[in-house]
Amino acid sequence: MSDLPFQPDEIGYWSELKLEIVEKYGHGYTNAFNKLGARLKKYYIDGFSGAGIHLSKRTGEPIDGSPARALRITPPFNYFHFIDMNADKTAYLEKVRDGRANVEIHTGDTNPYLKQLLPTIKYGDYKRALCLLDPYGLDLDWEVMRISGQLKTVDMFLNFPIMDINRNVLRHDRSKVAPEDIERMNRFWGDESWRAAAYVESGQASMFDFEPEKLKQDNPAIAAAFRERLQKVAGFKYVPQPLPMRNKNNAVLYYLFFASANDTGRKIVEDTFKRYRLNI
Ligand SMILES: C[S@@+](CC[C@H](N)C(=O)[O-])C[C@H]1O[C@@H](n2cnc3c(N)ncnc32)[C@H](O)[C@@H]1O
């Protein structure tokens with residue numbers, strides 16, 4: 001790996017599972033849509049694509065990332081969009097693209113790019129997209145998720161970064177939270193309603209009796225509130241229970257969400273998530 005012009009991410013067991021889940025879904029997706037004829041155009045959009053290669057912590061060996069996996073799916077997608085901020089990673093993606101003309105690689109912030117691209121994936125134009133939004137933390141703008149939900153053409157896998165949220169936003173001492181972290185949370189969640197979802201009044205007076213004590217909710221409650229937003233505010237018809245993805249100490253790093261307008265997609269993902277949950 002020393003020949004790579006960047007330090008590859010070392011990924012743990014759960015990230016490998018995520019890659020496996022998205023790739024398997026991609027196979028099912030293009031197979032199902034292919035049966036509907038060539039007029040229907042299938043897009044694969046990877047909003048936080050990485051370089052297409054990582055190092056597996058488990059084996060110490062290189063392992064394909066999500067863009068490389070999407071490119072090997074058969075039947076193939078018609079168009080691919082890979083977006084990453086890191087220019088060394090997108091430079092490597094040029095190698096992964098290997099001259100294919102139907103692959104767009106963009107270096108920069110995914111948010112403005114997707115706000116322009118997604119509205120072009122119109123139902124009436126026979127376009128559909130599988131979109132992977134896999135940030136490290138709160139780097140995604142709610143508007144991207146809202147547009148995806150409204151379109152009814154997007155199947156979305158989303159990494160909900162609960163570890164970043166807990167560490168930086170939902171801190172025990174709320175006076176220590178940096179304004180920029182609150183800003184990142186507002187942008188990801190879409191408004192400030194996360195406060196009500198994350199803290200509920202305990203019914204007890206606090207030390208300062210003019211302000212009732214607030215209890216921080218646990219991870220499943222916060223993920224459930226976000227799931228409800230994806231359904232009720234973004235407008236995704238189907239949002240299966242997300243899959244908690246853990247680190248080696250069994251702490252939840254993020255929740256893998258799937259959201260779609262498509263009932264077949266829901267069934268496949270619910271089945272898949274159930275199997276992975278049983279393997280925990
Ligand atoms: C978790 S990694 C992606 C891994 C990849 N999806 C995979 O499974 O192979 C997150 C990537 O997002 C990129 N990134 C972070 N903020 C970004 C932003 N605002 N826009 C685009 N890319 C961003 C990072 O450079 C990093 O490569």
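**The ligand and its pocket**

Mentor: An oxygen atom of the ligand lies 2.9 Å from an N or O atom in the side chain of Lys 89, a polar contact in the sense of a pair of N or O atoms within 3.5 Å. The model is a predicted one, in which local features need pLDDT of at least 70 and side-chain atom pairs count only at pLDDT 80 or more, while totals for chains, interfaces and linings use all residues. Residues are numbered from 1 along each chain as its sequence is written, and side-chain values use heavy atoms, with hydrogens and water left out.

The shell around the ligand holds 19 residues, and the closest are His 54, Ser 66, Asp 84, Lys 89 and Asp 134; a residue counts as near when one of its heavy atoms lies within 4 Å. By class, this shell divides into 4 nonpolar, 9 polar and 6 charged residues, where Asp, Glu, Lys and Arg count as charged and Gly is among the polar ones.

The ligand sits in the largest pocket, meaning that more than half of its atoms lie within 2 Å of the pocket's grid points. A pocket is an open set of points on a 1 Å grid over the protein atoms alone, with protein on both sides within 12 Å along at least five of seven lines, and its lining residues have an atom within 4 Å of a point. About 1000 Å³ of space lies in this pocket, and its lining has 41 residues, of which Asp 9, Asp 134, Pro 135, Tyr 136 and Asn 159 lie nearest its centre. Among the elements that give two or more residues to this lining are strand E5 (79-84), helix H4 (110-117) and strand E12 (252-259), but helix H1 gives the most, with 5 residues. The lining has 13 nonpolar, 14 polar and 14 charged residues.

Conventions
Polar contact = N/O pair within 3.5 Å; in protein donor to acceptor, adjacent residues only side chain to side chain. 1 Å grid on protein atoms, 1.4 Å probe; cavity = no way out; pocket = protein on both sides within 12 Å on 5 of 7 lines; lining within 4 Å. Points joined across faces, edges and corners; volume = space filled by probe spheres on them. Helix = DSSP H or I, 4+ residues; strand = E, 2+ residues; numbered from the N terminus.
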